[in-house]
Amino acid sequence: MRTKYRLGVDAGGTFTDFVLAGDAGNVSLFKTLSTPEDPTKAIENGLSLMAEGLGLKQEEIISECDLCINGTTVGLNALIQHKGAKTGLICTAGHEDSLEIRLGHKEDGYRYDAEYPPAQMLVPRYLRRGVQERVLSNGSVRTALVEEDVRAACTFFLEEGVEAVAISLLWSVLNPAHERRAAEIVREMMPGAFLTVGSELYPQVREYTRTSTAVTNAYLGPTLKRYVDSVDRYFADHGAKYPVRYFQSNGGLAIGGAMTDRSVYAINSGPASAPQAGLFVSDPFEQKNVITVDMGGTSFDITLTKDGNTNLNKNIDFLRYRIGVPMIQVETLGAGGGSIGWIDDMGLLQVGPQSAGADPGPVCYGQGGTEPTVTDANIVLGYVNPGALLGGRMALDRDKAYAAIKQRIADPLGISVEKAAYGIFTIVNNNMVNGIRRVSVERGFDPRDFVLVAAGGAGAAHITALAREMGTDSVLVPKLASGLCAFGQVISDVKYNYMASAPLRFEGEEAFAQLNRLFSEIEEQGIAHLEADGFARDNIDVRRSMDMRYVGQVHECTVDIGNFDIAAGTADQVKEAFHQRHEQLYTYSERHNAVEVVNIESTIYGRVAKPNPPRLGAGSGAEGALKSQRPMIFSSDGKAVDCPVYDGEKLGAGDEVAGPAVIEEVTTTIVIEPDWQALLHESGSYVLRRKV
């Protein structure tokens with residue numbers, strides 16, 4: 001039996017979004033400023049706002065939710081700001097420097113740049129303790145674990161005040177006995193420490209990737225645990241009947257305990273839900289090729305979905321740290337509403353990546369900010385109503401925005417404030433277009449074959465300008481744009497990834513039997529996990545994939561093989577899927593060459609019931625929604641033209657608005673440039689198209 005609501009919470013750098021979806025298709029959106037010093041305070045503020053708006057008590061809302069979902073930037077911020085836990089590493093003696101050695105080079109784009117500084121190590125050299133042991137590449141033990149070395153490491157860690165410990169020993173993926181015994185000793189001597197065991201978190205070959213992933217997990221673990229414990233406690237104290245779910249970087253949900261243990265999955269928690277939301281928005285239009293762009297207060301996040309499938313990345317350098325576990329492929333830029341405009345040493349105007357964030361925020365917020373931002377420029381250009389932010393709950397000061405742009409940008413460049421504001425608008429748009437091209441054109445996709453979906457509170461103000469630059473003629477802007485990621489969480493499933501190392505030739509019944517056995521073992525773990533989490537077996541699905549390569553290759557590619565067992569009759573299908581995937585990625589295949597497997601992975605889904613999509617009533621014409629006229633600037637000459645402003649709450653399905661114009665929704669502003677027009681669809685999305 002389903003209960004009344006499901007609640008999605010997306011904690012961003014500037015705003016925290018709340019989406020409450022009911023079974024009848026009714027969806028409510030609320031926003032409040034984020035509170036970086038205590039992220040749970042923003043949740044409390046948002047729920048208070050929600051209770052006030054719905055005429056209910058917080059406890060009534062929470063107790064009626066079958067899913068309370070939280071997407072958070074806590075892990076991401078801790079990694080960006082290097083504010084994670086003091087972490088120690090236990091590794092095989094002689095391999096203490098694998099974090100610096102990496103793969104023998106810096107990350108892509110800087111491999112041979114001698115002046116590019118090394119990454120800041122999450123574990124300083126003196127906290128990496130080698131222990132005597134050695135497992136060979138066939139899984140046999142050459143040197144037994146010297147337990148006194150592990151105890152000595154623990155004693156040293158205790159003296160140094162270490163909060164978290166990562167264990168990563170050679171070839172532990174084939175024989176984890178030494179790592180497991182070392183973990184027992186750490187738990188015995190350091191019961192209060194957060195512990196990550198490499199072969200349990202990332203049981204796949206590649207020493208550096210496994211070690212870096214384990215270290216990152218340990219580094220973020222205590223911070224994420226404090227956050228999860230606080231959120232769980234808050235919802236429990238206010239009557240939650242079910243555990244809070246947290247959104248993971250892999251595009252699925254997890255309960256708090258699993259999220260804490262696998263904190264590395266929280267790094268890109270917030271924007272990872274955008275592709276699911278983008279597909280939901282585009283589904284009424286039968287679109288499966290979607291580029292979702294989310295412009296918030298701090299960042300601009302881009303995801304691409306082709307034929308309904310969103311790319312997952314593994315073994316990537318994220319913020320300069322190698323992460324092995326699967327993550328939704330998100331291109332993130334420092335290009336949000338709070339991105340700061342500044343003049344570089346050559347006298348050129350730049351925008352971002354630095355941001356005013358939530359505190360102090362843009363100058364127009366009146367919270368002490370002094371650096372002009374994109375939001376300040378949008379106010380000066382007339383796009384944003386100073387009295388319309390957050391439905392009028394947050395007044396903006398246009399005069400302060402104007403003065404800041406004049407002092408910091410216009411006067412130094414010798415141009416008008418209006419031209420300076422349009423310059424900020426244009427440059428941030430160019431930055432975003434370049435990001436969109438990186439996830440599309442540079443990966444072999446033509447963006448004109450995709451529908452562009454706008455998300456984030458600031459995205460709708462820039463979306464027609466972005467589409468114009470991209471040559472895209474059709475854009476979707478849902479009424480829920482500013483909380484689209486929170487909505488994406490509401491419609492997502494619980495999802496866990498289980499992995500195993502399987503280095504073998506993909507041929508022969510013995511190899512196929514070994515692969516099937518390994519798949520069954522890891523899937524039993526995942527299914528048991530979800531059944532303990534309350535899922536019936538009928539609501540649990542399994543998808544298998546393998547990392548494969550041609551014999552002699554260094555790198556492998558991931559091939560989705562569905563959920564069937566591997567046998568002589570299906571092996572040719574798998575090989576053909578690999579050849580096609582290789583050709584898609586690298587433009588060629590070698591069907592005459594032998595194929596080998598490196599790793600296997602099973603993704604276990606706990607399917608949750610989805611809310612019904614919203615349906616809008618028919619409108620009676622846009623004229624009834626016209627609320628005012630406002631001067632706006634749409635060209636580099638800085639000249640303003642009077643444009644109509646429409647109240648989005650008064651528009652209905654079928655209503656059309658011709659540009660230049662602005663539609664003001666409660667939590668976002670849709671700017672319709674000249675030569676564009678908007679049609680409100682019954683699904684709750686504006687369809688923006690170029691005028692013919």
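**Exercise 1. The largest cavity**

Task: In this predicted model, how do the residues that line the largest cavity divide into nonpolar, polar and charged?

Solution. 
- Step 1. The lining of the largest cavity holds 7 nonpolar, 3 polar and 2 charged residues.
- Step 2. Name the residues. They are L99, R102, A119, Q120, M121, L122, Y208, S212, V215, T216, R320 and Y321.
- Step 3. Find the main contributor. Helix α8 gives the largest share of this lining, 4 residues.
- Step 4. The whole structure has 3 cavities of 30 Å³ or more.

**Exercise 2. The second largest cavity**

Task: Which residues line the second largest cavity, and what classes do they fall into?

Solution. 
- Step 1. List the lining. R102, L103, H105, K106, E107, Y208, D317 and R322 surround the second largest cavity.
- Step 2. Sort by class. There are 2 nonpolar residues, 1 polar and 5 charged.
- Step 3. Give the volume. The second largest cavity has about 40 Å³ of space.

**Exercise 3. The backbone at R102**

Solution. 
- Step 1. Read the angle. Phi of R102 is near 55°, a positive value, and the residue is not glycine.
- Step 2. Recall the rule. Most residues other than glycine have a negative phi.
- Step 3. Locate the residue. R102 sits in the loop between α4 (98-101) and β6 (128-131).

**Exercise 4. Two cis peptide bonds**

Solution. 
- Step 1. Start with G352 and P353. Their peptide bond is cis, with omega about 0°.
- Step 2. Go on to G659 and P660. They too are joined by a cis bond, and omega is near 5°.
- Step 3. Recall the rule. Most peptide bonds are trans.

**Exercise 5. Helices α13 and α14**

Task: Are α13 and α14 roughly parallel, roughly perpendicular or oblique to each other?

Solution. 
- Step 1. Get the geometry. Helix α13 (residues 417-439) packs on helix α14 (residues 459-470) at about 60°, and the axes are 9 Å apart.
- Step 2. Apply the cut-offs. Angles under 35 degrees count as roughly parallel, and 65 to 115 as roughly perpendicular.
- Step 3. Conclude. The two helices α13 and α14 are therefore oblique.
- Step 4. α13 and α14 cross in a right-handed way.
- Step 5. Name the contact. From α13 come Y422, F425, V428, N429, N430, M432, V433, I436 and R437; from α14 come A461, H462, A465, L466, R468, E469 and M470.
- Step 6. Sort the contact of α13 with α14. It has 10 nonpolar, 3 polar and 3 charged residues.

**Exercise 6. Helices α1 and α8**

Task: At what angle do α1 and α8 pack, and which residues make the contact?

Solution. 
- Step 1. Get the geometry. Helix α1 (residues 39-54) and α8 pack at about 25°, with axes 9 Å apart.
- Step 2. Conclude. So α1 is roughly parallel to α8.
- Step 3. The crossing of α1 and α8 is right-handed.
- Step 4. Name the contact. P39, T40, I43, E44 and L47 of α1 touch Y227, S230, V231, Y234 and F235 of α8.
- Step 5. Sort the contact of α1 with α8. There are 7 nonpolar, 2 polar and 1 charged.

**Exercise 7. The second largest pocket**

Task: How many residues line the second largest pocket, and which element gives the largest share?

Solution. 
- Step 1. Count the lining. It has 36 residues, and S199, E200, L201, P203 and Q525 lie nearest the centre.
- Step 2. List the elements that give two or more residues. Among them are α6 (177-189), α8 (207-237) and α16 (509-532).
- Step 3. Pick the main one. β25 supplies the largest share, 8 residues.
- Step 4. Sort by class. The lining of this pocket has 18 nonpolar, 10 polar and 8 charged residues.

Notes. Residues are numbered from 1 along each chain as its sequence is written. This is a predicted model: local features need pLDDT of at least 70, side-chain atom pairs count only at pLDDT 80 or more; totals for chains, interfaces and linings use all residues. Side-chain values use heavy atoms; hydrogens and water are left out. Axes are lines fitted to C-alpha atoms, for helices over the stretch in contact, and angles run from 0 to 180 degrees between N-to-C directions. Angles under 35 degrees count as roughly parallel, over 145 as roughly antiparallel, 65 to 115 as roughly perpendicular and the rest as oblique. A crossing is left-handed if the near helix is turned anticlockwise from the far one by less than a right angle, and right-handed if clockwise. Contact means heavy atoms within 4.5 Å. Ala, Val, Leu, Ile, Met, Phe, Trp, Tyr, Cys and Pro count as nonpolar, Asp, Glu, Lys and Arg as charged, and the others, Gly among them, as polar. On a 1 Å grid over the protein atoms alone, a cavity is a set of points where a 1.4 Å probe fits but cannot get out, and a pocket is an open set with protein on both sides within 12 Å along at least five of seven lines; lining residues have an atom within 4 Å of a point. Grid points are joined across faces, edges and corners, and a volume is the space filled by probe spheres set on the points.
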